[in-house]
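Morning, everyone. Please take a look at the structure on the screen, and I'll walk you through it.

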Amino acid sequence: MGREKIDETGKGNLILVNADHGYKGGKEGLVRFPGTKVFLKEEAAKWLKELLLTLPEGEIVLVSGYRSFKEQTEIFEDSVKENGMEFTKKYVAKPGCSEHQTGLAIDLGKKAEAIDFIRPAFPYEGVCQTFRERAADYGFIERYERDKEEITGISAEQWHFRYVGRPHGWIIKEKGLALEEYITYLRQFDDYKNPLHFRYFGNKYEIYFQSAEEEGFLPVEFHGGKFQEELKSGQLAGTLEGWRITISGNNVDGWIITKEKPDKESREETGRED
Ligand SMILES: [Zn+2]
């Protein structure tokens, strides 16, 4: 099997970033979200825009997206000064371990005169709840839920959403998993012959895990065919035998490979496992 060196497993939409797994990627692929000062990864910005277009204009405010290590450090230190260490550890990830450094996370607030930067209000009702209900269809998950606090290490944050892409957002929501649990769940599908089969919005998917046996090496030939990869927003993507393939690191121990193909049968369905 052909092998080609890529930087590391710390790139792509499915990277797990938390206190145990710091962000190793860079700031490539960021774009400014139209009409704001917020930067996000291009793909995340695109789908967030699509989702917001389905809702009444201006009701939801983008509070914080991409942050550099320096910005995260300042926010952390300012919060320690203002709110104390106990509060800060609950709501602000330590510098180097914040999802905001990936450009894949967005804090949202309900439009108001004054919006709390660290804990914006994003209630479980009205337009905010409608956003929440539609988020998975656009590849976003509510990342820090109350019943997952012990797993994520972060207190419930009703305002923080994380882009993971389609169909992963939908699967994560359907199975009621934290991202930490989803990364673990996918390890059982450890070969292209043993993928998670999924049908969703007119596409069929095969998803599987590829262990990084040697750090930094990724097989780029699948099924004996040649995979023509391209680097886009730090994520590997290409086509092979009619499949659209994206490869994301999990930032822990390997890659998650997502194969996508149009599928007439599932056009009318929201999603289901085969
Ligand atoms: Zn956040």
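**A first tour of the chain**

Let's start with the inventory. The chain has seven helices and 17 strands. There are 274 residues, and buried ones make up 39% of them.

A word on confidence. This is a predicted model. The chain averages a pLDDT of 87. A score of at least 70 is reached by 85% of the residues. Two stretches need care. Over residues 1-7, pLDDT stays under 50. The model has 14 contacts beyond four places in sequence for that stretch. Residues 220-226 also stay under 50, and there the model has 15 such contacts.

On to the core. Which residues have the most contacts inside the largest nonpolar core? They are Leu 40, Ala 44, Leu 108, Ala 135, Phe 140 and Ile 141. The core itself has 47 residues. Helix H1, residues 42-52, gives the most to this core, with four residues. Where does the core sit relative to the two domains? Domain 1 covers 3-9 plus 184-273, and domain 2 covers 30-177. Both give residues to the core, so it lies between them. A second, separate core has five residues, including Ile 75, Val 92, Ala 93 and Ile 154.

Stay with H1 for a moment. Its buried residues are Glu 43, Ala 44, Ala 45, Trp 47 and Leu 48. What do they pack against? Strand E2 at 30-32, strand E3 at 39-41, and also E5 and E7.

That brings us to a sheet. It is open, it has four strands, and the order is E4-E5-E7-E6. The pairing is antiparallel. On the edges are strand E4, 60-64, and strand E6, 140-144, each pairing on one side only. Neighbouring strands are turned by 45° against each other on average, direction ignored.

Look inside that sheet. Strand E5, residues 105-110, is joined to strand E7, residues 157-163, by three bridges. Ile 106 stands opposite Phe 161 in E7. Phe 161 comes up again with Leu 108. Leaving out residues up to four places away in sequence, Leu 108 touches Ile 60, Val 61, Leu 62, Val 63, Pro 120, Phe 122, Trp 159 and Phe 161.

Next, a loop. Arg 146 is found between E6 and helix H5, which spans 149-152. Is Arg 146 buried or exposed? It is exposed, because 9 other C-beta atoms lie within 10 Å, and the cut-off for exposed is 12 or fewer. Arg 146 and Ala 156 are ten residues apart in sequence. In space, their C-alpha atoms are 4.6 Å apart.

Strand E8, residues 196-200, runs antiparallel to strand E9, residues 203-211, and five bridges join them. His 197 has Glu 206 in E9 as its bridge partner. The hairpin of E8 and E9 has two residues between the strands. There, Phe 201 takes a positive phi near 45°. On to the next pairing of E9. How many bridges join E9 to strand E16, residues 254-262? Nine, and these two strands run antiparallel. Within that pairing, Ile 207 stands opposite Thr 258 in E16.

Conventions: Residues numbered from 1 in each chain as written. Predicted model: local features only at pLDDT ≥ 70, side-chain atom pairs only at ≥ 80, totals over all residues. pLDDT = per-residue confidence, 0-100. Contact = placed C-beta atoms within 7 Å. Core = buried A, V, L, I, M, F, W, Y, C linked by C-beta atoms within 7 Å. Buried ≥ 20, exposed ≤ 12 C-beta atoms within 10 Å, placed from the backbone. Domains from an automatic or database assignment. Pairing = 2+ DSSP bridges. Axes fitted to C-alpha atoms, helices over the stretch in contact; angles between N-to-C directions.
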